[in-house]
Structure formats: structure tokens, C-alpha cells
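Dear colleague,

I am handing over the structure we spoke about, with the sequence alongside. Please look through it first, and then read the notes that follow.

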Amino acid sequence: MSDDPPLQLKPRLAVSRDQAQAIVDRALTGSTVLGIAELHGGEISTIFDITLADAPACIMKVYPASLHWKMAKEVYVLGLLRDAGPAVPRILLADDTRSVIDLNVVLMTKLDGTLLGSREPSLTDAELFAVYAEMGACLRRINDVTLGSFGYIGPNGVWTPHASNRAYMSAQFDKKLAEFCTRGGNETLAERLRTSIAARRHLLDAADMPRLCHYDFHAGNVLVTSDGAPHLLGIVDFENATAGDPLMDVAKALYYFTPEDAPKRDGLLAGHGTRDRPDWAATIELYRLACTLELWCWMAQIGKPDALPALTRELENAC
């Protein structure tokens, strides 16, 4: 078991109007801050809604010291999407001087709309299918952005470049299985997982071009119209972006769906065009295993042991 202390996330801090004004002044000269309110959601960064007297409201994200580099990463990824199609926030200021707040801060435009998650309970199956089909098509446009190599994206591009998807995912599986054991996971289960992964590794070869993956594409990161039938307006939160296989992006998007979420699942798959690829279902199952292993390690790292038994059972079933 690792003796490392849990990773500290989502800074708990109060930002005064004067501090918000000092940050806004660097990006929007002459704009007056009327108010600042912390928004719910987001696991890594603390997010604030800043209301201005003479300009549209904007969003401020404050990154934890342990993951300070996520600021530069988000700026980089949003730059890749500037002309890609889906509406994404525009960066107004990226500040790593820590002169106003002793953490990295980014100021960005606030997109119109309401989070899809807040509307889902009142939507019909047909409306859910339709809006998730829009989401699938939007995710496909994000996946149309290509990069020079496979790998996890850091502040200035892919952190550790890999020439192929198989090389990248093999390295990821090896890394997470080692971490699983270090953090107290069952070593016999880890060996069974290695055998299962090896038998399916050929599925990773179908992705021959590294494509931008949001890798956290869910109803809490999707903005839709506030009234009537929901229609997609924008996408936020690219902190987990990677250069990989679009089916990995789909697998992560489907990860938390239940059998009752069939309209959402069917809509997303139809909009994305996932079924056009041979062995798509088996490939998604392999990526689901990767998501589960990654989540197990993450929960152990941030000190949430109560989540581990259910994830362990899922890993056992994945064998």
C-alpha cells in the first residue's frame, strides 16, 4: 500500500470582489465586477462565475497547487478547438504569477445555456436520444482534430509521445496495473487483468491516427438550451484531454450509464457513428476496463477507499 498522502484537489478559498476585480482588470480594462459566486461541479478546479457591470459575465477557474499545470493544458487544448466547430470557452487571461491569488488562475468567456445534467430528469426518451445524438456528432468533430502522436496531453502538447495507439495504451495499462498493486490492489487480480488485456490488445491497432479526445464528456460538461427541446450550445472542461482513439472517448462517455440510460447511449452512438468501425463493441469494452482501472487508482490516490470495493468487483468481471 502506498504511503503517499491523498492528492489535494479543488482549492477551498474565498475570492473577494477586489481580488476578482484585480484579475479582470488584466483582461478587460474598464469592466467593473458586480459579484462573484462559486459554481458547483468540477472535481479538480474551483470555478467562479463573475458578473460584470458593462460586459458579459465570465468564468474564473482556480487550479490546485498539485495540478497547477492543468491551466496551461486547458489553454493549449482550447486553442486546438478554436476553429474546430463546437462552441468552447475563449481564454481571456491565463495567470501563473500568483500575485493576486496564490494559485494558477484562468479567466474565460462564459458560454450561454444550462448544464444538460440539470435538465435531464424532465426530458422524454425521445428528447434524450436527440440531444445525445447532437453530443455524439459534436464529439466526432472534436475527434476530427489530429495531433502528431498518441499520448496524454500536458501543458504544451502530448507529454510522452507514442507512435501508435497500441504502444500508448499498452504503456497506460502497464502503468496503471503497477499503480493498482502499489496502492493495495490484489496482485492475483492484476495478473488476470494483464492476461485478459493481452488477449485483446489487437483491438487497439484500428486507431491509426492520434485524435483529440475530451475524455470527460458527460452531462455536467455540456451546455444546452434552457427551455423547450434541448439543443447543444457548448462544451466545457478539457482538463482530461488526450490524443488517442475516438472509441476511448466514447467508452468514457458511456462509463456511468445504466440500463435505464439506453436512449442516451443509443443517441450518442448514433450521432458519433461509432458502429461504423469493426469490433467497436469489443473495443469499447476494453477501454471500459481501462476507465475502471484508472478510476480505481484515482480514488485510491485522492483518499476515497469506500469507492474501491465496487470498482474491484467491476475489474473482476472485466477479466
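**A sheet and a helix pair**

Three strands form an open sheet in the order S6-S10-S11, and their pairing is antiparallel. Please keep in mind throughout that this is a predicted model. Strand S6 (114-115) and strand S11 (232-235) lie at the edges, and each has a single partner strand, so one side of each is left without a neighbour in the sheet. S6 and strand S10 (residues 222-224) run antiparallel and are joined by two bridges, and within this pairing threonine 114 has valine 224 of S10 as its bridge partner. Helix H4 (residues 125-143) packs on the sheet, where it touches S10 and S11, and the direction of H4 makes about 45° with that of S11.

The other part concerns two helices. Two packed helices are described by the angle between their axes and the distance between the axes. For helix H6 (residues 187-200) and helix H10 (residues 308-318), the packing angle is about 45° and the axes are 9 Å apart, which means that H6 is oblique to H10. The crossing in which H6 passes H10 is left-handed.

Which residues make the contact between these helices? On the H6 side they are Leu189, Arg192, Leu193, Ser196 and Arg200, while H10 contributes Thr312, Leu315, Glu316 and Ala318.

Note on methods
Residues are numbered from 1 along each chain as its sequence is written. This is a predicted model: local features need pLDDT of at least 70, side-chain atom pairs count only at pLDDT 80 or more; totals for chains, interfaces and linings use all residues. Side-chain values use heavy atoms; hydrogens and water are left out. Axes are lines fitted to C-alpha atoms, for helices over the stretch in contact, and angles run from 0 to 180 degrees between N-to-C directions. Helices (H or I, at least four residues) and strands (E, at least two) are DSSP runs, numbered from the N terminus. Angles under 35 degrees count as roughly parallel, over 145 as roughly antiparallel, 65 to 115 as roughly perpendicular and the rest as oblique. A crossing is left-handed if the near helix is turned anticlockwise from the far one by less than a right angle, and right-handed if clockwise. Contact means heavy atoms within 4.5 Å. Two strands pair if DSSP finds at least two bridges between them.
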